[in-house]
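Colleague: I'm new to this one. Could you walk me through how to read it, one feature at a time?

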Amino acid sequence: MKKNQKRRKTKGITQESKRKFQVDESLIYHKQHWKPGNMIYPVPAVMVSVADKTGKDNIITVAWTGTICTNPPMAYISVRPERYSYHMIKETGEFVINLTTRELTFALDYCGVRSGRDVDKFDFLGLTRQNASKVAAPMIGESPVNIECRVTQCLELGSHHMFLAEIAAVHASEAYMDEKGKFHLEYAEPVVYSHGAYCDLKQSLGTFGYSVKK
Ligand SMILES: Cc1cc2nc3c(=O)[nH]c(=O)nc-3n(C[C@H](O)[C@H](O)[C@H](O)COP(=O)(O)O)c2cc1C
């Protein structure tokens with residue numbers, strides 16, 4: 001008992017000294033009050049590949065996406081019903097989230113401003129269709145990570161319908177693995193979306209838990 005108490009004391013957060021922020025007061029107190037709006041940035045911007053029941057496929061750029069559960073692994077995408085891709089996801093309940101890179105930025109933007117109603121985006125952009133393992137929608141070969149998803153729920157929120165999905169399989173490119181087999185997404189130069197701009201992630205500022213590491 002005494003031993004446990006000692007351990008708790010030495011590992012306790014009371015041992016950590018408080019930090020003082022050295023920032024200009026204007027950064028803290030001079031804020032404007034805005035009407036409600038979407039202000040969570042940066043966000044991922046991904047290319048979602050889809051297919052209808054007849055096998056016709058398409059790619060749509062999606063920024064309203066993210067992880068929603070660790071176990072079971074789940075993700076979401078929010079899509080406006082008027083998008084051409086929407087009916088494909090509704091029909092099959094499947095899609096693939098393809099992560100994007102500096103190399104793919106042009107394609108990322110293009111898939112977000114042209115509709116599959118008018119153009120075959122795979123062909124126009126010269127992207128490689130790859131068979132997924134669990135879903136019928138194709139994967140984008142040039143993407144470093146392909147995440148196969150099966151829809152479990154569709155929440156009709158308003159402008160966007162949110163597809164909650166279980167992750168059925170993940171494919172990660174060996175090109176971005178080190179000699180020990182560890183995957184480094186940063187080697188692929190991933191892209192995020194912030195206030196209308198595509199940005200890269202130049203520098204790591206610390207790794208998980210660094211703020212409490214001894
Ligand atoms: C950076 C970016 C992010 C986008 N995010 C979304 C999104 O989260 N949901 C959505 O419905 N549309 C989004 N769009 C718009 C669609 O990608 C766009 O309307 C596309 O042309 C639809 O393709 P489709 O008609 O072939 O389905 C985004 C566009 C861009 C450029």
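Colleague: Where does Ile147 sit?

Modeller: Ile147 belongs to strand 9 (residues 145-156). Strands here are DSSP E runs of at least two residues and helices are H or I runs of at least four, numbered from the N terminus. Bear in mind that this is a predicted model, where local features need pLDDT of at least 70, side-chain atom pairs count only at pLDDT 80 or more, and totals for chains, interfaces and linings use all residues. Residues are numbered from 1 along each chain as its sequence is written.

Colleague: Why does Ile147 count as buried?

Modeller: The idea is to count C-beta atoms, placed from the backbone, within 10 Å of a residue's own: 20 or more others is buried, 12 or fewer exposed, and in between partly exposed. Ile147 counts as buried because it has 25 C-beta neighbours inside 10 Å.

Colleague: Which residues does Ile147 touch?

Modeller: Contact is when two C-beta atoms, placed from the backbone, lie within 7 Å. Leaving out residues up to four places away in sequence, Ile147 touches Ala75, Val96, Ile97, Ile167 and Val170.

Colleague: What does Val46 stand opposite?

Modeller: Val62 in strand 3. We say that two strands pair if DSSP finds at least two bridges between them. Strand 2 (residues 46-51) and strand 3 run antiparallel and are joined by six bridges. Their hairpin has five residues between the strands, and Gly55 takes a positive phi near 100 degrees there.

Colleague: How do I read the two faces of a strand?

Modeller: In a regular strand, side chains alternate between the two faces of the sheet. In strand 3, Asp57, Ile59 and Thr61 lie on one side, with Asn58, Ile60 and Val62 on the other, and all are buried.

Colleague: And which elements supply the shell around the ligand?

Modeller: A residue is near a molecule if its C-beta atom, placed from the backbone, lies within 6 Å of it. Here 22 residues surround the ligand, and the closest are Tyr84, Ser85, Gly112, Ser115 and Gly116. Strand 3 (57-62), strand 5 (74-79) and helix 3 (84-92) each supply at least two shell residues, and strand 3 gives the largest share, four residues.
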